[in-house]
Amino acid sequence: MLEIRHLQMLSTLDRLGSLAMTADELNLTASAISHQLKELESYYDITLVNRRTRPVTFTPAGRLVLQLADNILPQVARTKADIRRLAHGQAGRFRLASECHSCFDWLMPILNVYRHEYSDVDLDFASGFEPEPHQMLLDGDIDLLITASDLPIDGIYYEPLFTYESRLVMSPTHRLASQSVINPTDLAGETLIAYPVEQARLDVIAKFLEPNGVTPKHIRTTELTAMLIQLVASERGVSALPDWVASEYEKKGWVVTRPLGVGVYCQLYAGVRESSRDVAYIAGFLGLLEGIKKP
C-alpha cells in the first residue's frame, strides 16, 4: 500500500509544513492530499501527521516513513534520470575498435574530451585484429570502427577522417636506404614486418605489391608498434607505416622512410551502423572526429 507517491507527498509536506502548499507544489488539490494521507493512515491504522499543529508535525510512525522517503526518493530520481539519458542516447555502452593500430596517439585526446562530455557512457575497446571487424560492426559487437576499408556494406555509414601516405620503413643502414623511391620488385626478397591482420588488409600489399604481382619473401607479425620499429631498426625486415607514425621514429634517427613508388595514399574512416548513427553518444563521438586534423 505504501507507494512512491505517498513518500513524495510526505517528503513535500515535511519540507513545506502545509497541506495546501504541498498540494500546490504537487499540482493536486488539498482534498487529494488529505485523501492520500487518510488512505495511508487507515491502511496501517496509525496516525502519521499531527494536522492541528502549524506547521504540521509528524508522529514517530510518520518520521519512520520520512526516513524511508529520504533513502528511496533520491534513488528513484537518479534512476529516472538514467532512464531519460538512455532513452535519448546520452548513456549506454560504446564499443570502439580500430584497424589502424597506430591511431591511438591522436585518438587519446579525443577520448579524453569524450569521457568528460559523456560521463554516463561506458567506453570500451575491442581488438582491432579480428578477421572480420566490419561484420562485428554490423552484428552489433562493436559500435564504431576506425578503418581504411570503406567496404560497401548495406547498413554501415562511413565518416571520412583524413588521408595519409603509407611509407616504407627500414633501418638507416638497409640496402634500400640509398634509394629515393622504392619499387615493388625491391621488396621481393624482403621480410615484411606487419600487424597481425589479413594480408589483403595491409596497404603495402593491397595497393603496392599485389597489383604488381610481387610477394615478399616472408611476413613477420607483431601487435606492438614499438616492437615493429625495434625489429626494423635491427634489420630483421622492413615495414610500411602511416607517414605520421613513421616520422616520429625517423626524427629520432632510428629508421628512415621512403615513398612506395609514386606514393601509396589511403583514406581513414570511422564506420558506424546506419541505425545507430543518430544515437546521441555515437553522433557526439563522430562530431569530435570531424574536427580532427591529420596528425
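The structure is a predicted model, in which local features need a pLDDT of at least 70 and side-chain atom pairs count only at pLDDT 80 or more, while totals for chains, interfaces and linings use all residues. Residues are numbered from 1 along each chain as its sequence is written, and side-chain values use heavy atoms, with hydrogens and water left out.

The overall form comes first. Along its principal axes, the C-alpha trace spans about 100 × 40 × 30 Å. The radius of gyration (taken over C-alpha atoms) is 32 Å, whereas a compact globule of 295 residues would have a value near 19 Å; the globule rule is 2.2 Å times the number of residues to the power 0.38. The protein has ten helices and ten strands, where helices (H or I, at least four residues) and strands (E, at least two) are DSSP runs numbered from the N terminus. Of the 295 residues, 46% are buried, with buried meaning under 20% relative accessible area, exposed over 50%, and partly exposed in between (1.4 Å probe, protein chains only). The protein exposes about 15,400 Å², of which carbon and sulfur atoms supply 51%; these areas come from the Shrake-Rupley method with a 1.4 Å probe, and for residues only the protein chains shown count as cover. Among contacts (heavy atoms within 4.5 Å) with a separation of 6 or more, 73% join residues 24 or more positions apart.

The domain assignment gives domain 1 (4–87), domain 2 (91–161 + 268–289) and domain 3 (163–263); such bounds come from an automatic or database domain assignment. The C-alpha centres of domain 1 and domain 2 lie 46 Å apart. In an unreviewed UniProt entry, the annotation "domain: HTH lysR-type" covers residues 2–59; UniProt positions are given here in the numbering of the model, feature names are shortened, and annotations may be inferred rather than shown by experiment. Over residues 2–59 the chain is 60% helix and 7% strand, with the end C-alpha atoms 17 Å apart.

Next come the nonpolar cores, each a set of buried Ala, Val, Leu, Ile, Met, Phe, Trp, Tyr and Cys residues joined through side-chain atoms within 4.5 Å. The largest has 61 residues, and those with the most contacts inside it are W106, L144, I146, L187, F285 and L289. Domain 2 and domain 3 both give residues to this core, so it lies between them. A second, separate core of 17 residues includes L13, A23, L37 and L48.

L37 has its place in helix α3 and counts as buried at 0% relative accessibility. Apart from neighbours within four places in sequence, L37 is in contact with M9, L10, L19, V49 and R51. L37 and L10 are 27 residues apart in sequence, and their C-alpha atoms are 8.3 Å apart in space. L7, in helix α1 (residues 4–16), is also buried, with a relative accessible area of 4%. Not counting residues up to four places away in sequence, L7 touches L2, V65, L68, A69, I72 and L73. The C-alpha atoms of L7 and F94, 87 residues apart along the chain, are separated by 36 Å.

A few backbone details in the loops are worth a look. The peptide bond from R54 to P55 is cis, with omega near 0°, and P55 is found in the loop between β1 (49–50) and β2 (57–58). D45, in the loop between α3 (30–44) and β1, has a positive phi near 55° despite being a residue other than glycine. D45 is exposed, with a relative accessible area of 69%. E235 likewise has a positive phi in a residue other than glycine, near 60°; this glutamate lies in the loop between α8 (225–233) and β9 (239–242) and is partly exposed, at 42% relative accessible area.

One further glutamate, E190, lies in the loop between β6 (156–170) and β7 (191–194). E190 is buried, with a relative accessible area of 10%, and touches H174, R175, P216, K217, H218 and V238, not counting residues up to four places away in sequence.
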